[in-house]
Amino acid sequence: MEAITAENLTILYNGKPALGGVSFSIEKGETLLLLGPNGAGKTSLLKTVSCFHREYTGKLEVFGKNPCEAREFIGYVPQSHSLNERVPLTALEVVAMGAVYRRGFVHFKIPPETMRRAEEALEFVGLDGLGERLFSQFSGGQKQKILLARALISDPKLLLLDEPLSSLDPSARAEVARILSKIKSRKGLTMVITTHDINPLLDIGDRVMLINRRLIAFGKPEDVLTDDVVKSVYGPLARVIPVGGKLFCITGDVHLYRHGGGGK
Amino acid sequence: MIPEYLLRAFLASIMVSVLLGMLSPLINTKGLAFLTHALFHSLLFGAVLGMILALIFENLSLVMLTALFVTLVVVLLIAYLEKRGFSPDSAVGIVASFAAGLTVLGFGVLYNVMAGRPYFPLSEDIVSYLTGDIFLITLSNLEALSIGGAVLFFIILVLYRDFLYLSFDPDGMESYGGNTTAYLMILYTIVGAIGALIVQTVGLITLQVVAVLPGAIALMVSSDLRKVLGMSLLVTLGVQLSSVALAYFTNIPPSGLATIMLGLIYGTLLLRR
C-alpha cells in the first residue's frame, strides 16, 4: 500500500510556488530522507503532507486520503528549538500531549492510562525514570527523543520529522538515529525525515529525495546519491564518497563519525 | 472597626490577586505582555465610548459594559489576525494603534458631549479607569468582580494545562487534534474579560505591570509549575493587600504603590542573579 502519493504537486505561498511539480510515492513502512539546502522547500513539503499548509495544486494523498482527512494517522515531530521552553512542562506531560487531544476539550488532569503509555513511550526512547524532569532541563538529543515519544504515543502510521538531527552534536545525532532505526525495525512506521546531514540516517533510508524548489532526484540512495546530483544541489564542492561499502554525502555541513573514520 | 469601604477594598484585592496570580504566569509563558498593552488601549477606548453612551443614555453601567465589549472585540480580532498568519507582535501593533487613534477621537467627542450635559457622576469613573481607585469600589462593583471573577477563575483552572500546551507548541497541539483556534480565542477572551473586570481597582496605567510582573517574578524564582502558581498568587496577594493598607494611611492610589513594590521585587531579583 502506498503511504504517500504526490503527482505534479506544487506548493504555493500567496499564489507563488515554493516547490514545484513534484511527483513521488513511498510505500507503507518505507523511510524517505528529504534532502535540500535551506529554502529548498523541505519544511513546506512536510507541512503540506501534515495538513498545516493547504495551498497547493496537483494530487497529494496520505494512505489514500486527503492529508487533512489523514491527520489522525500522522505524527509530526518539529525541531526542538521551535518550542517554547519557558513553559514549565515535565517530560511526561510533553509526551502525554500526543494522546490527550484524541478525546475531549478540557484536560485538567491527564488520565492514568495516558500517563502509563507516556512512561512506556519514554522507556522506548531510553528515557525511563526521567519523566518528572522539566523538558527545558534535558539536552538537545534528549529533547528530540521526548518529541519522538510524544509522536509515538499518538499511534501514528506516518512520522514526519523536521530536521531531527539539527543543532545536535555528533554523538547525539547518532543516538537519535539509533532510536529512529529502532522505530523502523520494531514498529514498522512510515517516516519522512528532512535533514541537512543524511549520513547518520542512510542505514534506515529506503528512498532519498533531493529538492531545491523543484524535484532534483528521487529513488534508492545508491541511485540518487551521485556526485553529479549532489553537486547540482549543493554546488561544486559537494561530493559522494564510498567508504567501507557505505556512501557518505559531503554537502558542506556534515559530520563523518562512528563509521570508521574520515573520508578520503 | 474597619470602615466598610476599606473592607470592600480588601475583598476586591483578594479577587484581583487570585485572578492575576493565576493569569500572570500564562501571560509570561505565552508571551502576552504586549497583548496586555493592547488591552490598555482598547479598555481606554471602550471606557471613553462607554462614558459617551452613559452620558447620552444617562446610564452609568454602560461604561463597564462597553469597555468589556470593546476589549473582547479587540482581543478576539488580535487572535483572529494571529490565526491568519500575522505574528503576535504585528497583530497587536495593528489593532492597538487603531484603538489608540479611536481613543483620541473618542476624547474629542466626549468633551463635546460633556459640554452639553451634567457629567459630575462620571468624574469618579474617569479617575477609577485611569489610576484605579480600589476605595471607590461599590458593592455592585464587588458583586460583579466576585461573580465574574469566580467564573473566569474556574475556566482558567480547568483549561490551564491546555493553555500551557498551547504556549509550548501550538503546531504540535493542532497536529495531535487540539483545536488551537478555540483555545487561543478562549485565552484571549479571558485576558480581555479580566482586564475589563479589574480595571477600576487596578487602573489602566498600571494594568500591564500588575498583570505581567507577578508571573515574571514567580518564573524567575522557580520553574516548577505548582511553585510558580503559588509564588505568583502569593506575590500578587501580598502586594495588593499591603498596597491597600499603605494607601489607607498615605492617600496615594494603591495601584501606584503596588506597581512600585512589584518593580522593586523584580529589580531586586534581577540584581541578585
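This is a predicted model: local features need pLDDT of at least 70, side-chain atom pairs count only at pLDDT 80 or more; totals for chains, interfaces and linings use all residues.
Me: How do you know that the length of α10(B) is close to what is expected?

Reply: The expected span is 1.5 Å times one less than the number of residues. Helix α10(B), residues 225-250, has 26 residues, and 38 Å is expected; from first C-alpha to last it reaches 37 Å.

Me: And what makes the span of α11(B) agree with 1.5 Å a residue?

Reply: Its 19 residues should span 27 Å, and the end C-alpha atoms are 27 Å apart, so the two agree.

Me: Why is Leu33(A) counted as buried?

Reply: Buried takes 20 or more other C-beta atoms within 10 Å of a residue's own, with C-beta placed from the backbone (12 or fewer is exposed, in between is partly exposed). Leu33(A) has 23 such neighbours, so it counts as buried. The residue sits in strand β3 (31-35) of chain A. Its C-alpha is 8.1 Å from that of Leu202(A), 169 residues apart along the chain. Leaving out residues up to four places away in sequence, Leu33(A) touches Ile193(A), Thr195(A), Ile198(A), Leu201(A), Gly205(A) and Val208(A); touching, or contact, requires C-beta atoms within 7 Å.

Me: Which residues of α10(B) are buried, and what covers them?

Reply: Among the buried ones are Val228(B), Leu233(B), Val239(B) and Ala247(B). The cover includes α1, α9 (204-221) and α11 (254-272) of chain B. Helix α11(B) has buried residues too, including Pro254(B) and Leu262(B).

Me: Why is α1(B) called roughly parallel to α6(B)?

Reply: Axes are lines fitted to C-alpha atoms, for helices over the stretch in contact, and angles run from 0 to 180 degrees between N-to-C directions. Under 35 degrees is roughly parallel, over 145 roughly antiparallel, 65 to 115 roughly perpendicular, and the rest oblique. Helices α1(B) (4-30) and α6(B) (139-168) pack at about 20°, axes 10 Å apart. That makes the pair roughly parallel. By class, their contact has 15 nonpolar, four polar and two charged residues; Ala, Val, Leu, Ile, Met, Phe, Trp, Tyr, Cys and Pro count as nonpolar, Asp, Glu, Lys and Arg as charged, and the others, Gly among them, as polar.

Me: What makes α9(B) and α11(B) roughly parallel to each other?

Reply: They pack at about 30°, with axes 10 Å apart, and therefore are roughly parallel. Their contact divides into 12 nonpolar, four polar and no charged residues.

Me: How many residues of chain B are in contact with chain A, and which element gives the largest share?

Reply: 22 residues of chain B are in contact with 21 of chain A. Elements giving two or more residues to chain B's side are α6, α7 (170-175) and α10 of chain B. Helix α6(B) has the largest share, eight residues. That side divides into 10 nonpolar, seven polar and five charged.

Note on methods: Residues are numbered from 1 along each chain as its sequence is written. Chains are lettered from A and ligands numbered from 1 in the order in which they are written. Helices (H or I, at least four residues) and strands (E, at least two) are DSSP runs, numbered from the N terminus. Two residues are in contact if their C-beta atoms, placed from the backbone, lie within 7 Å.
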